[in-house]
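Hi everyone, thanks for coming.

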Amino acid sequence: MTHKIIQPEGWAPAKGYANGMLTRDGHLYVGGQIGWNAQQQFESHDFIGQMEQALRNILDVVEAAGGRAEHITRLTWYVTDKKEYMARQAEIGASYRKVMGRHFPAMAMVVVAGLVEDDALVEIEATAVID
């Protein structure tokens, strides 16, 4: 097999997608992660809580592939409320550093009309390169 599916231990199975795909040359593509837990349940209906969980989910996938936060090279954020994102920058920064430390990869933020899961307020996808 050319690519390896990455699924963190104990997570509910992904349906119709992979949480991560690791190539032979160490590129890890992390599918969009939302703010639900390993059992696909939302513990928070607040933007900051969901953002922090989505980042933890990304880190779980990266670690399951043998990497660490510093291996992440790109994050693309999809948010449903630009005004809330802009108004909560200090909280976003603090929560981001709590999960990812002071590692800041290339990033993009896209405002979307909605996400597939109705309760989701943010979705974040990532790319990492694992040595």
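I'll go through the sheet, then the core, then the aromatic rings, and end with a few single residues.

A word on the ground rules. This is a predicted model, so to speak of local features we ask for pLDDT of at least 70, side-chain atom pairs count only at pLDDT 80 or more, and totals for chains, interfaces and linings use all residues. Residues are numbered from 1 along each chain as its sequence is written, and side-chain values use heavy atoms, with hydrogens and water left out.

Okay, the sheet. Six strands make an open sheet, in the order β1-β2-β3-β6-β4-β5, with mixed pairing. When I say strand, I mean a DSSP run of E with at least two residues, and a helix is a run of H or I with at least four, all numbered from the N terminus. Two strands pair if DSSP finds at least two bridges between them. At the edges sit β1 (3–6) and β5 (106–111), each pairing on one side only. From one strand to the next, the twist averages 15 degrees. For angles like that, axes are lines fitted to C-alpha atoms, for helices over the stretch in contact, and the angle between N-to-C directions runs from 0 to 180 degrees.

Let's start at the β1 end. β1 runs antiparallel to β2 (residues 20–23), with four bridges joining them, and I5 stands opposite M21 in β2. Then there's α1, which packs on the sheet and touches β1, β2, β3, β4 and β6. Its direction makes about 155 degrees with that of β3.

Now go over to β4. Seven bridges join β4 to β6, and those two run antiparallel. β4 and β5, on the other hand, pair in the parallel sense over six bridges.

L75 brings us to the core. A nonpolar core here is a set of buried Ala, Val, Leu, Ile, Met, Phe, Trp, Tyr and Cys residues joined through side-chain atoms within 4.5 Å. Buried means under 20% relative accessible area, exposed means over 50%, and partly exposed is in between, using a 1.4 Å probe and protein chains only. The largest such core has 30 residues, and L28, L55, I58, L75, W77, M100 and I124 have the most contacts inside it. The elements giving two or more residues to this core are β3 (27–34), α1 (47–64), β4 (72–79), α3 (89–100) and β6 (122–129). Which element gives the largest share? That's α1, with nine residues.

Take L55 as an example. Not counting residues up to four places away in sequence, L55 touches L75, W77, Y96, V99, M100 and I124, where contact means heavy atoms within 4.5 Å. Apart from this core lies another, of five residues, including I34, W36, F42 and A120.

On to the rings. Across the whole structure there are four aromatic pairs. Rings of Phe, Tyr and Trp (its six-membered ring) pair if their centres lie within 6.5 Å; planes under 30 degrees apart are stacked, over 60 edge-to-face, and the rest tilted. F47 and Y85 are an edge-to-face pair, 6.3 Å centre to centre with 90 degrees between the planes. They're 38 residues apart, F47 in α1 and Y85 in helix α2 (residues 82–87). F47 is buried at 2%, and Y85 is buried at 14%. Y96 and F104 are stacked instead, at 5.4 Å and 15 degrees. Y96 is buried at 4%, while F104 is partly exposed at 45%. Ring pairs also link F47, W77 and Y85 into a cluster.

Last, three single residues. N19 sits in the loop between β1 and β2, and counts as buried at 4%. Its side chain makes a polar contact with the side chain of Q33, at 3.1 Å. A polar contact is a pair of N or O atoms within 3.5 Å; within protein, one must be able to donate a hydrogen and the other to accept it, and residues adjacent in sequence count only if both atoms are side-chain atoms.

D46 lies in the loop between β3 and α1, and is partly exposed at 32%. D46 and D119 are 73 residues apart in sequence and 9.8 Å apart in space, C-alpha to C-alpha.

Q40 is in the loop between β3 and α1 too. Most residues other than glycine have a negative phi. Q40 isn't a glycine, yet has a positive phi of about 60 degrees.
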